[in-house]
Amino acid sequence: MNTFLIADTHFGHANMNTFVRDDGTPLRPFQSVEEMNEEMVQRWNAVVSPRDKVYHLGDVAIPRSGLQYLERLNGRKVLIKGNHDIFKAQDYLRPLRFDDIRGSHKLDAFILSHIPIHPAHLDRYKGNIHGHTHYRRVLAEDESNDERYQCVCVEHTDYAPVPLDVVLKKFRDAGII
């Protein structure tokens, strides 16, 4: 069993393909919401086996009908709720969707959350693995990337879950662990 992380799939959210980055380039490279949904399902299942564990760090689907895509995704899934995960727990906990729902989760010496936690609360952890910021990174006071934070939004993971080992390597390479 391997452990994977992902955030901000926004299954069914047609407007995701209309958003642009600060430089004016499209946030996502898809021509339609159907193409986006199907490509993310394909990429997910190409790396995740049915026995693997996947932590989805929030903002799964908009609208509710986007939740149906979860039933096609490999792995045992745990949802760390995001600001757009507004449906009833029963909508997320149906068979083949999520096994559990949490507000955050401590994984080894790291905290998993949707929104990056405040730096003042990071002293209890080696780092924060999060979503919410899409293509942006959390910045340090000097405006450089704060390496204590690793974003696993789909825009950072080629629209597929990323292995925990890959994220931990980023922390190691930055001298965090």
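**Entry 1: inside or outside.** I call a residue buried when its relative accessible area is under 20%, exposed when over 50%, and partly exposed in between, using a 1.4 Å probe and protein chains only. By that rule, buried residues make up 46% of the 177 residues in the protein chain. Before going on, I noted that this is a predicted model, where local features need pLDDT of at least 70, side-chain atom pairs count only at pLDDT 80 or more, and totals for chains, interfaces and linings use all residues. I also noted that residues are numbered from 1 along each chain as its sequence is written, and that side-chain values use heavy atoms, with hydrogens and water left out.

**Entry 2: the parts list.** I took helices (H or I, at least four residues) and strands (E, at least two) as DSSP runs, numbered from the N terminus. The protein chain has three helices and nine strands. Reading from the N terminus, I get β-α-β-β-α-β-β-β-β-β-β-α.

**Entry 3: overall size.** How does the radius of gyration agree with that of a compact globule? The globule rule is 2.2 Å times the number of residues to the power 0.38, with the radius taken over C-alpha atoms. For 177 residues a compact globule would come out near 16 Å, and the protein chain has 16 Å, which agrees. The C-alpha trace spans about 40 × 40 × 30 Å along its principal axes.

Entry 4: A nonpolar core here is a set of buried Ala, Val, Leu, Ile, Met, Phe, Trp, Tyr and Cys residues joined through side-chain atoms within 4.5 Å. The largest one has 26 residues, and Phe11, Val60 and Leu67 have the most contacts inside it. Both β1 (3–6) and α1 (33–47) supply at least two residues each to this core. α1 gives the most, with five residues.

I then checked Val60, taking contact to mean heavy atoms within 4.5 Å. Leaving out residues up to four places away in sequence, Val60 touches Thr9, His10, Phe11, Leu67, Leu70, Leu79, Asp85 and Phe98. There is also a second, separate core of 16 residues, which includes Ala7, Val78, Ile129 and Phe171.

**Entry 5: Gln150.** Is Gln150 buried or exposed? Gln150 is buried, with a relative accessible area of 5%. It is found in strand β8 (residues 149–151). Not counting residues up to four places away in sequence, Gln150 touches Asn128, Ile129, His130, Arg137, Val167, Lys170 and Phe171. Of these, I had already met Ile129 and Phe171 in the second core.

**Entry 6: Leu139.** This one is in the loop between β7 (127–130) and β8. At 43% relative accessibility, Leu139 counts as partly exposed. Its contacts, again leaving out residues up to four places away in sequence, are Ser144, Asn145 and Asp146.

Entry 7: Which peptide bond did I find to be cis? The bond from Ile62 to Pro63 is, with omega near 5°. Pro63 sits in the loop between β2 (53–56) and β3 (76–80), and Asp59 is found in the loop between β2 and β3 too. Asp59 is not a glycine, yet its phi is positive, near 60°. I have Asp59 down as buried, at 2% relative accessible area. Tyr159 also has a positive phi, about 65°, although it is not a glycine. Tyr159 lies in the loop between β8 and β9 (162–163) and counts as buried at 7% relative accessibility.
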